[in-house]
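Subject: Structure handover

Hello,

The structure is below, and my notes on it come after. Please read them alongside the coordinates.

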Amino acid sequence: MSLEKLIVLSSEDKDSAISVSNSDFIVNLKERYYTQNILKVLVKECSVPNVFPNIRGSDYGTSQNNILDFNEPAPLQVVLPEGQYLINSSDPLLDFTSILETAMTSISVATISVSYNELTNKIVFEVANDGSPNITIPASTPMADVLGITEDLTIPATATATSPSGQMDLSGFQNVYLHSKEIALSHAIDGDFGLISMITPINLSDAPFGSYAYRKNDDDELSQISYDDVRNLKRIRLTLRDNKGNVLPIGTHKVSLTLLAFLASG
């Protein structure tokens, strides 16, 4: 026989003295008795903000993608302002190709044009045949995935439209992940990291930029986290991460999680 209790966690209840941020925080639950001797939990629901731009800066660690390296043949580097960019926007402050073209031409001796092919969903580079040097964009540049670059791309100075082999991707994060060693130690397996303390993924595809993503679990089997030994959950640390393990900045936005805990009797 076991006793069931809902545990509601929120960044609004974080211990500010020891928490890092609203996406990396510690909650010390004031209820002590019903947070001990826990056999398992069900992840019932959670909500997180979708405030992660498709072009991201250094706050995103290894998921930074606002840097474009290119050679002519001297190495040059463009750093775009972090933001939520669009393709073929009438607003020059939002249009990705226009902003990238302006940034590249501002530091390059070459005459460069950058556009977008709606038919192929590919970015198009062109270097004028006016004595400009050829340009090469290495596949190692942080912006490679956004541009669809899978191998070094050479753009000849022959006024020839040149595109990467892959399509553009300004979709941004599709999923983010709640982690907690107290709740989900070694609960999941990641291809890069091995065993990880992931509680649940949260899909952002239906949450527009600037809104909240909500996940509700109705399947008890899929949402269950069982423990080999009874566990004490009176102090819990929650962290919101991307698929590379980077802690995601959310500023003053909130994270919440509701668990159904099953306590051992006696």
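This is a predicted model: local features need pLDDT of at least 70, side-chain atom pairs count only at pLDDT 80 or more; totals for chains, interfaces and linings use all residues.

Residues are numbered from 1 along each chain as its sequence is written, and side-chain values use heavy atoms, leaving out hydrogens and water.

The largest nonpolar core has 36 residues. A core here is a set of buried Ala, Val, Leu, Ile, Met, Phe, Trp, Tyr and Cys residues joined through side-chain atoms within 4.5 Å; buried means under 20% relative accessible area, exposed over 50%, partly exposed in between (1.4 Å probe, protein chains only). Among the members touching the most others are V41, F52 and I183. Strand β3 gives the largest share, five residues. A second, separate core of 30 residues includes L68 and F125.

There are two salt bridges (a side-chain nitrogen of Lys or Arg within 4 Å of a carboxyl oxygen of Asp or Glu). R237 meets D24 at 2.8 Å, N to O. R237 is in strand β16 and D24 in strand β2, so this pair ties together parts 213 residues apart in sequence. Helices (H or I, at least four residues) and strands (E, at least two) are DSSP runs, numbered from the N terminus. D24 is buried at 8% relative accessibility, whereas R237 is partly exposed at 36%. The other pair is D220 and K44, at 3.7 Å, N to O.

Regards
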